[in-house]
Each structure stands twice: as structure tokens, then as C-alpha cells.
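Open the model in your viewer and colour it by secondary structure. The stops below say what to select and what is there.

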Amino acid sequence: MSTQTRTPDSRGKTGFQLPKWAGSFGFQIIAALIVGLGLGLLAKYTGSTKTSPNGLGATLQTIGSSYVSLLQTAVVPLIFTAVVSSISNLRQVSNAAKLAWNTLLWFAITSLIAVLIGIGLGVLLQPGANTGITEQAKYAGKSGDWWSFLTGLFPKNFLGLGASTTITEGVATTSVSFNVLQILVIAIAVGVAALKVGKAAEPFLNLNASALAVIQKVLWWIIRIAPLGTVGLIGNAVAVYGWDTIGSLGKFTVAIYAGLALVLFVVYPVLVRAHGLSVKQYFSGVWPAVQLAFVSRSSVGTLPLTQRVTERSLGVPRAYASFAVPLGATTKMDGCAAIYPAVSAIFVAQFFGIQLDFSQYVLIALVSVLGSAATAGTTGAVVMLTLTLSTLGLPLAGVGLLLAIDPILDMGRTAVNVAGQALVPTLVAKRQGILDEALYNAPRNGTPFVDDADSAAADPSASAGPAAGRELADAKA
């Protein structure tokens, strides 16, 4: 029996109507993954390579990179306006400091659990023993260090932007980059200053709220074309790297994905259930953001969708979510900053025949819990790994061994990062008595994808106005 029917539309006319499941974001992403995989394999087996892509390979590469660029373009204004707006919404909240402290505490708790799982898997599976590969060239990329983290907290300009110029064959090329951590510091300072100024700052806060609404609308349009970006991103990954790059690093890859799976499908559900919440509702709520994170490999790029599912599907008040989720996107990385550096550090030690003692395992845990902030706004996992290796005194040459399969690992790492970034605000909101459990337990029905105007009419608590502040103000002490 066909599921495609002709039914009367709202004006009494007949029209072609697709099945409801075919219009869901999740189905579109899965379909795009399959199409991208097929096109990527086709490009790979018709001779496309990373350095010399054929027509199909170049098209997939362009589509994927363009989509990520679109996501990242609005990151700076989004984080700034969202954090300033969230601070302004906390004007009437007596326990804002407690919310912030609990958020950081649960970031640390979940990171510690994740890194202990990584250490356990590294010791159990011995991923660096008997690999059959020879040492490659030393890693010459950017390294993480604690001093850079401390100096990086101080913005070089109001926007937290930086520029670098390279000269190739007499042609100068300038690229602009941004430091997410600096933008966060600037936004917090401006938001707090606006609160201290008081009534005189009201026009500025109203302008900021309007700008945030416009930015979110534009970003939502970008997120809605994610299936197209998925085709390019997955297709390019398959065409360039394929699955044969895993090769002799198969044991290491299995260890990483086993750790990620344990965190995502065991640790997170246990925490959710321990707080009296439905595991099924958590996954159905957060899954759209996890899917986008998997294909985009960018926690910051996924930030708009992560925040939206945290508010609309998981029931976290916007005034709190708009602070906790951006903070998590820069400092909460259970995949990149816990599982990956733990397993990788043990891999490097085993590969070079270095015996780790108990104190060094403690150092791995310490660096993973505290060090994720040191890589905020940078290329996360690789810089985090160099920070871990440097702290332990292990050779940085080991980083070069793992770069070949990093894109394949990064998909899973980022998915776990984003799942954790939505989880912690949910748990803290539940513990503080401000979680909208009726919304958390409600049927999804595409809730995060409802237009803003429709959603505001259906759910007044979703707005970022005074009602959200009053809701937080009623939180338990």
C-alpha cells in the first residue's frame, strides 16, 4: 500500500503530500548520509584524491566546506549576543552564581568519568602495541600549553578576532580567525557591565535582543539546509580518506569509538535516569544536534541547534540555556578533551615503549578535566593531545602517527561533545527545580523545528523575556 496520498490542503484543494516521516530532519540527515556515502565512494573509485580531486570530488569538497563556513560565519555575533542576552535575563535571579557553579561542577564530573573510561580502555586494549607501523615525521602544527591559555583570556581587540598573512609564490593571502574563549570573556564583561549600568543600558539590551533574534533566524535557515551540507561533508570524507586509512591503526580506532559509545550510550543514560528523567526522551530530544555535529565536526557550528534542542526539547529555560550551552561549546568536550587524549597518550607511550606509572595516569585525568578550556577556539582535539603529551613529557612525534585518521575520529568525538553540552544544562536545571518536565516529556513532533513565531505562541516559556527570568527566579535555593 503506498504511503503517498493526495489529500485536501488547508484551502480545500487537493495536493501531493509526502509521508510525515519523510519531512523530518532526522530522516533527511540519514538520507543525506547514505547519498553522501555513495557519491564519496563513486568519487574515490573514479580517481579523486585529496590533492587532485576530480569533478565530483571537487564538488563534494566545495559543498561541504561552504556549509561549514556558513555555520561558522555567524558564530561571533551569535555567542556575543546570546551571552549578553542571557546575562540580562538573569537580572532578577538570586541564584545565578549557583547555577554557574553547578554547571562547571557537572562539566568536570562528566569529563572525569569520560577520561577514566579512556584510560581504562587504553590499558585494556593496548592500542599502541604491535601496530606494525614505523614512526612518521614529527608533528609541526600548533601545540597547546597552559601559558597560551592564560594569555589567550585577554582579548587583543573588542571582537576577539585575529588575522594572519601567508606569502606563497609572491602572493599574499590574509585569513581572519576568531578566538571563541575571548569572545565569551568579552560578552560576559559587557553583559555584567550592562547590569551594573541599570536603566541607561535598557536601549542597548533591547538592541542586543533584537540582533540575537535576527541572527538566530538566519542561522536557522542555514541549519535547515544541513542535509545538503551533509552530502558534501560525508562524501568528501569518504572520497579523501576512505575507510582504508584506518589500516594498522584499527585497534586505536576501535578503542576511541568504544570509549565514545560507552560515554554516549551508557554514562549519559545512567546520569539521566539517576535524575529521574526519561532516557528515551533525552535521546529523541538531543539527536538532531548529535547528527549535525557528527557530519559537521564542529561543536561551535552546531551551537544554534544544540541550544534550540536544549530549550525546546529538553525543557531547559532559555535564560539559563543561552549561557550554559555556549559555555559548553567552548569548554565541554568529553570526546575531544577526555576520551581522545587519554587513549591517544597511552597509545603514544606504548608505541614508543614508555612505561607510564600511576602518577602519570593521574596527570592525564587532571589535564583532561582542566585542559579543555585551554583549547577553546582552536583545533580542539589535536591541540588538546599536544597539551597532554607535553605535560606528561611524551614525544610530540606521536601526534603525526594519528593525523591520518583524525577526520574519521573527529566525527564521533564531536557528536559526543554536543550530547554532553546539552546534557549538563538539563541535569543542572533538573537539580535546581527549573526544568520544564512537561516539555521534556512531551511528544517531539519536530518541536525544535517549529518556526519561532509559532513556537512562542504555543509555548510562552520559550521566549527570552521577563517570563524566563521569573521562571529562574523561582528556582530552589
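How many of the 15 residues of α8 are buried? Select α8, residues 226-240: 13 of its 15 residues are buried, where buried means under 20% relative accessible area, exposed over 50%, and partly exposed in between, with a 1.4 Å probe and protein chains only. Its first and last C-alpha atoms are 21 Å apart, close to the 21 Å expected at 1.5 Å a residue; the expected span is 1.5 Å times one less than the number of residues.

**Before going on**

This is a predicted model, in which local features need pLDDT of at least 70 and side-chain atom pairs count only at pLDDT 80 or more, while totals for chains, interfaces and linings use all residues. Residues are numbered from 1 along each chain as its sequence is written, and side-chain values use heavy atoms, with hydrogens and water left out.

**The whole chain**

Of the 477 residues, 51% count as buried. The chain exposes about 21000 Å², and carbon and sulfur atoms supply 65% of that area. Accessible areas come from the Shrake-Rupley method with a 1.4 Å probe, and for residues only the protein chains shown count as cover. Among contacts (heavy atoms within 4.5 Å), take those in the chain with a separation of 6 or more: residues 24 or more positions apart account for 81% of them.

**The second largest cavity**

Rolling a probe the size of a water molecule over the atoms shows where empty space is left. On a 1 Å grid over the protein atoms alone, a cavity is a set of points where a 1.4 Å probe fits but cannot get out, and lining residues have an atom within 4 Å of a point. Grid points are joined across faces, edges and corners, and a volume is the space filled by probe spheres set on the points. A search of the whole structure finds two cavities of 30 Å³ or more.

Select S48, T49, K50, P53, G57, Q61, N236, A239 and V240, which line the second largest cavity. About 30 Å³ of space lies in this cavity. Helices α2 (55-73) and α8 each supply at least two residues of the lining, and the largest share, three residues, comes from α8. By class the lining has three nonpolar, five polar and one charged residues. Here Ala, Val, Leu, Ile, Met, Phe, Trp, Tyr, Cys and Pro count as nonpolar, Asp, Glu, Lys and Arg as charged, and the others, Gly among them, as polar.

**Helix α3**

Select I87, which is found in helix α3 (residues 75-89). I87 is buried, with a relative accessible area of 9%. Leaving aside residues up to four places away in sequence, I87 touches A187, I188, G191, V192 and L195.

Go to α4, residues 96-125.

Within α4, select T103. T103 is buried, with a relative accessible area of 0%. Beyond residues up to four places away in sequence, T103 touches Y320, A324, V424 and V428.

Next select Q126, in the loop between α4 and α5 (146-152). Q126 has a phi near 50°, a positive value in a residue other than glycine. Q126 is partly exposed, with a relative accessible area of 32%.

**Helix α11**

Select T302 in helix α11. T302 is buried at a relative accessible area of 0% and touches A289, L292, A293, S296 and V418, not counting residues up to four places away in sequence.

In α11 (residues 299-312), also select R308. R308 is buried, with a relative accessible area of 9%.

**Helix α17**

End at G420 in helix α17 (residues 406-431). At 1% relative accessibility, G420 counts as buried. G420 touches Y268 and K332, with residues up to four places away in sequence not counted.

How values were computed: 1 Å grid on protein atoms, 1.4 Å probe; cavity = no way out; pocket = protein on both sides within 12 Å on 5 of 7 lines; lining within 4 Å. Helix = DSSP H or I, 4+ residues; strand = E, 2+ residues; numbered from the N terminus.
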